[in-house]
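Me: I would like to go through this structure with you. Could we begin with the strand pairing?
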Amino acid sequence: MHISSLSLRNFRNFRKSKLYFKNGINTVIGENGAGKTNLFYALRILIDETLPRYTKFYQTDFNRAVGNWAGHWIIISIVFDELDVSEEAQALALQSSGHMDTETKGSYSVFFRPKFQFRKELYDYSETAGKNKEGLNLLLDKISLEDYETVYLSRGAGDFSDDDIYKQYVGDFDAIEFPDPDEKEELIFGTWLPKEINIHNEVSCTFIKALRDVESDLKSYSNNPLLNLLRGKEKTVSVAKQSEIIESIDILNDQIGSLDEVKEIKKGISSSIKEAVGTTYAPNIDIKSELPNEMEKLFQSLKLWVGDPDDEGYQGRIWELSLGGANIIYLSLKLLEYEKVKTDRIANFLLIEEPEAHIHTHIQKTLFNNLKENKTQVIISTHSTHISSVSKISRVNILSRGEREAKVFHPANNLETSEIIRLERYLDAVRSNLLFAKGIILVEGDAEQILVPEMFKKVFGVSLDEIGVSLINIGSTGFENVATIFHSDRIQKDCAILTDLDQSIVTLPADPKDDDGYEKHCRVSQESGEERKEKLTDFCEGNEFLELFFADYTFEVDFLMNGNSFEVVKCLDTIYTKQANRNRAKAKLTDTSVEIAGVEVLRIAEKYGKGWLALLIAEQLVYNTYIPTYILKAVAFASSHINLPSKVKAILYRLEEIRNNGKDDYHEEAMKFRERAKSDDEILKTFCETFKDDQLTTFLSLL
């Protein structure tokens, strides 16, 4: 038996979310603050026996997007799959709904809802002829958390992450329509578990929290996994051995207490007290050694001593290790603890929260690959690209921060097996960061990978990383193999595809038979570009999350012909040792004809390497380097989420650069800009009105 899905309604940052899991190892990927910890807590409410049986919910547990929480429900529901025929498992089985596989699926849910009386009042009011929002609000204003109840039910088939289901069986607050609570709707909500069955007794769950402060846990009594492993072991020590150990400790306590040094201190304390309060009121004191002489307490006194594998022969206390070393020890103890508590129950669950803290790449990957799956479902949360890179895309849920609620994406949803396999081969640690980004740009060359981020940073003063945009070089992998995950069914994030049309940079003869060698090469590239455009256009058709952006020629040519000959010419000193060669190349690169300048820049790029030339150009970029329009549009498409502070930061950077380097009217306008704009909104508005032709204004207008 394993968890196949988790539905969350109105719980913390989850408004109406559903996550899907498979048997074995699953990964939940998400940026900071996306809700990974909340998700684990929701799971634990239902299956972790270390949490209170009846969890108390608070006003702050309601999702903020609901507005007024009064009357709304918090619903957390797990669906199980592959139930066995045992009585305990079948107590969770979905009730008959006409499907043959009903007995193999089960559910368990917690409802935090208004008590019956209040639900009845809502229903009665919804049946009133003159019902209105004011009357409903008066009714809702009466409710407090004391009017709520926590109910655990099993065998319900309702998916309350679905708006239609929620409105029908909980209530439609906009239409003021509420169901009659006398109609129990057990097929939807479920029923009580039989009294003899407790879900916590039927499944085992071990939760390994985020590795942020494991040293304190390893020192504590209640949270120390070493002590958890040792608990109860004292009962297995033979009576004779226990007696021998306790007798030796009693002797040792007497020996310590009888030391002359100890007696001297005891005598001094007794004398001091008598001098202070007199012999009549002075208490009799003694100093005794209290080494524990009970086996349970002796086991509690055991501590881990560890040594570095590169420093053989030395062992020390665990806090002498690096944080990474301590985390490895803690993880190992928790995994061993899990193996101890794992039994032949109907299901075993291992929840691991962000195991990557202070652990380097190889250990992260090894840990993930070595997790045991036998009779165990493992769910790991992470924001590590190294762990996500070895996660099977079909077993990944992606959390993303939305406005007052988390967004959940399923990157393999509705993909063919062959498509999933190609994605999993592709998503290594470098490229897997596209799973975390707010926006994505796909390119197919080293030059774009190097120069596009550098141009954006140099011209606008903010980096693509800073605004949450990942630029990914797909190399020889077709765009379609990667871009397919950005779709309304899967990851709902904007993805710009940046590629070349490869139009010929020389005039081609009307008859291909008249082509010389270079013209033939240009013609073949142009035809390939036309085919690529047609193919990609068909692929992106109807997908609002994909957009195509083409260079007319190639990246290098379009960069040069957009007024950036200065940056390329500056590289000639490094490329050539002879001044004559530099002069010859400079004359061609500064020519206004693409048939001359374009041919020359491609000649240099192909001779010395496009990636190497891009590195040289990157060193020569300046604040007024011109970003080709097709690139600016691509970045804007992937940056629709960009916030006002980032826009203002770019504006202030541009103003500073114009003040320091500008030599025209822009310089004068920049010098007095602060006199007219005070707030962030005013800065944005004033800049766009004042510098209408600036690249940043163009970029902002494209967002």
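Reply: In strand β2, K16 is the bridge partner of R9. Strands here are DSSP runs (E, at least two residues) and helices are runs of H or I with at least four, numbered from the N terminus.

Me: How many bridges join β1 to β2?
Reply: Six bridges join β1 (residues 2–11) to β2, and the two run antiparallel; strands count as paired if DSSP finds at least two bridges between them.

Me: What should I know about the model itself?
Reply: It is a predicted model, in which local features need pLDDT of at least 70 and side-chain atom pairs pLDDT 80 or more, while totals for chains, interfaces and linings use all residues. Residues are numbered from 1 along each chain as its sequence is written, and side-chain values use heavy atoms, with hydrogens and water left out.

Me: In what order do the strands of the antiparallel five-strand sheet lie?
Reply: The order in this open sheet is β2-β1-β4-β5-β6. β2 (14–20) and β6 (148–154) are at the edges with a single partner strand each, so one side of each has no neighbour in the sheet.

Me: Changing topic, which strands make up the six-strand sheet?
Reply: That open sheet has the order β7-β10-β11-β3-β12-β13, with mixed pairing. Its edge strands are β7 (203–208) and β13 (406–409), each pairing on one side only.

Me: And β3 with β12: parallel or antiparallel?
Reply: β3 (residues 25–30) and β12 (residues 396–401) pair in the parallel sense over four bridges. I29 has I398 in β12 as its bridge partner.

Me: Finally, where is L252 found?
Reply: L252 is in helix α10 (residues 239–257).
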